Amino acid sequence: MAAVRTTCPYCGVGCGIAAQVTGERQVRIKGDKTHPANRGALCSKGTHLSETVGLHGRLLHPMIGERQASWDEALDDVAERMRDCIATHGPDSIAFYVSGQLLTEDYYVANKLAKGFVGTGNIDTNSRLCMSSAVSAHVRAFGEDVVPCSYSDLDHADLIVLVGSNTAWCHPVIWQRIERARERNGTRLVVIDPRRTETAEGADLHIALPPDGDVALFNALLGDMMERGLIDEDFLAVRCSLPDGFWASLDCEPGIDADSFARFAQLVADSPRMVTLFSQGANQSVGGTDKGNAITNFHLATGRINRPGTGPFSITGQPNAMGGREVGGLASMLAAHLGFSPDEMADVAQFWNAANMFRQPGLKAVDLFRAVHDGRVKFLWVMGTNPAVSMPDAGFVREALARCPTLVVSDILAGTDTAKFAGIRLPALGWGEKDGTVTNSERYVSRQRPLFTAPGEARADWEIVCDVARRAGFGAAFAFDSSAAVFREYAAMTQLSLRHGKLLDLTGWATCSDAEYDAMEPFQWGGTHPCATRFPTDDGKARLIAVAPPQAEPGRSDFPLRLNTGRYRDQWHTMTRTGLSAKLSIHRREPLVEVHPDTAARAGLIDGGLARVTTPYGNSIYRVQVSDGQPRGEIFVPMHWSDAVSAGGRTGRLAQPLVDPVSGQPGFKNTRARIEAVEPQWRGFLASRDRPQPDVLYWTTSPVAQGWLTELAGMGAIDIDALLPAGHRSEAADLQRGMQRIAVTDQDGALAAILFVTRRGQLPQRDWIAAQLGSSEGSTTEWLAGRPSQPLKDRGPTVCVCHSVGEFDILEAIEAGAKDVAAVGQCTQAGTNCGSCRPMIARLLDTARTQHKEAAE
């Protein structure tokens, strides 16, 4: 069977995939060498997509409460509740909360229903949480939400500046491109990030900026360029508009030490071709829009835009955040990049033949859930996202969901933290089943194509929305019979963009046939530099926006630390998909709180112990990782863990719900916090074929090849029976150490579960034990000992998940003479597939060189 060319469902890089179906719900994944975004490269998440296409936990039938319902009954119920709510409480009692995981066609019909026929602007998306400050910065500077760069600019840059982006982990294929540019062209790299990440470790210069220091730094940098005479006066005069007093607004301290600033400014001065790539670290701030404009101001004033190797480049976090922005999936946008002027509103109403056009922008995400909580919104439809985990102040959001009279959830999984609150659950298609388009960070539109038939009764999101719209009385406007038909209407609608001076133009696809849609090759709207000839403002000029550094907040003795949040390399959002992959779970099996050694010492924390992080909004427990890459007084936690997989790591409960005043994006990166040690009375782990749901102080579970590996810690008595399945038990105990080990075998003698707990002793390594699940070949004595009778080679923690290469394997290769990452790859294969582990290999090489040098002195 020929490979199906489709698109990865993870980050905004938009990598093409060549997927070959090899059996029922089985697929072989390779990068699509013809796709312009990745040319065959994939990261670890994309590489291991085949481990996530099974039906474990899938929602396969419509559900009303806990009862399976027919589609007709469920859709009738949704439509009736919607109609009644509008009739009784008005259209703004209805809200939709959607997702960058939706395809453009899904987004389009949901936005059309909400804004044109229900009559509410209350449709927002989880893209509000990651990229909406970049959207607002684009609109303020350019007049439209348009990214002015392309990935090819990275290939031509003299200098790449990464702002708030752990690119090596969060956008690994872009990182690979940056690595190639550095190797081939000598491109220099500056990383601006409070943490010394693996990305920062590979930089020519790492600037450990204090939280929310970006505006001061870029204002000072632009002021320095002005003093050096490096402002492009001609470009400013012809292509830009400046507010009065703009240059005076740049008079501020850079917020970093003088030596680092001097080095940074000199690199910038020496590098006329410069790309600044910024991401969540800049956007997820109460001043995120100003940060985006400070970066854009610099590029406009120095003329470093619209030419190869230059520009401010917002790199998106989700596979179709851009497509959602294009069709108006944000409450603060109309469809086709339009705004809310009377003429724009009238044109959209006429194009849609809208029965009940909304009148004003709707509620942005944080305010939307506040409205659910206080009863203004009484009907909420959540599509393809998990706000009970991902929203800031998630405890409050859960209260809101519990209060909502009608909560409808369309999703692929039955038991997400959000779905548990829903009165109606509708089964949607997942990746490998969907059929439509996505737009990546550089404006390339690509097809996502189905590999498998729809499981159970699952349907496309656009089809579900249209079915409800027809039942609500809007059938003529939602009579689409295919995703191609939806796309044609959306493409035709971009004629309105052109009419109002925007750059978004898909009109060439407005009359495409179904066959042409099916065969669509990736294409980039706007070209490499869409603003090369004009900016989409009334006068064609870009706007420089005067922005000022935020005022310093007063300290609080009860919350003396700053909490930063972010992503792990091999996980995605709330792990509803990546959390099913045994390979992807190896990199980080638990949620870690990263703490500087001095901060840890003051709080009495030990590396590998447990700690409770508390903010004014909630608390959660994490495993401690002491790291000198973490700044003093700041702590870092991941965003991914949920009730489905852990009692700890609940980062959404901690993050502040304060938002940027322009974009409405929450400030996830800078929340007041404190930390304290947690000392359980016992610790343990469970390897089991069935997924457990323990009731203990701390637990977190991750998949292994034949089951699940669960870390445990608790107080008081251990309820062994609640943790273990039925079967034949064999037990060993060491009362002196408070150690208990119990193996459970099934009727065939295969290992079904094994539990290790201790109150004072050491626990054995997990990998060999977990690998014995389902096996009947080992002996009970070996299982209870936690090791084979013939010791295996200790390969150390896994570094390369693609080829199962351990840290000690790499150190052996270095000792044998491997001098660089490529040589380590030749010896071990590590880093030769997806490349996500190459920064870690580089770190091991640097450590080995330092040790060798110290030994020689």
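Reply: Tyr-108 and Trp-352 are both buried, where buried means under 20% relative accessible area, exposed means over 50%, and partly exposed lies in between (1.4 Å probe, protein chains only). The model is a predicted one, in which local features need pLDDT of at least 70 and side-chain atom pairs count only at pLDDT 80 or more, while totals for chains, interfaces and linings use all residues. Residues are numbered from 1 along each chain as its sequence is written, and side-chain values use heavy atoms, with hydrogens and water left out.

A pair of aromatic rings is described by the distance of the centres and the angle of the planes. Rings of Phe, Tyr and Trp (its six-membered ring) pair if their centres lie within 6.5 Å; planes under 30 degrees apart count as stacked, over 60 as edge-to-face and the rest as tilted. The structure holds 19 aromatic pairs. In one of them, Tyr-108 and Trp-352 are edge-to-face, at 6.4 Å centre to centre with 75° between the planes. This pair links distant parts of the chain, 244 residues apart: Tyr-108 belongs to helix H3 (residues 104-118) and Trp-352 to helix H15 (residues 342-352). Helices (H or I, at least four residues) and strands (E, at least two) are DSSP runs, numbered from the N terminus. Tyr-108 and Trp-352 also belong to one aromatic cluster, together with Phe-487, Tyr-490, Trp-509, Tyr-517 and Phe-523.

A further pair is formed by Trp-169 and Tyr-568; their ring centres are 6.1 Å apart and their planes lie at 80°, so the pair is edge-to-face. Distant parts of the chain, 399 residues apart, are linked here: Trp-169 is in helix H6 (residues 167-170), and Tyr-568 is in the loop between strand S21 (561-566) and helix H22 (582-585). Are these two residues buried or exposed? Trp-169 counts as buried because its relative accessibility is 5%, and Tyr-568 is buried, with a relative accessible area of 1%.

Tyr-568 has a charged neighbour as well: Arg-588 lies over the face of its ring, at 5.7 Å from the ring centre. A charge sits over a ring if NZ of Lys or CZ of Arg is within 6 Å of the ring centre and within 35 degrees of the ring normal. Arg-443 is likewise placed over the face of Trp-525, at 5.7 Å from the ring centre.
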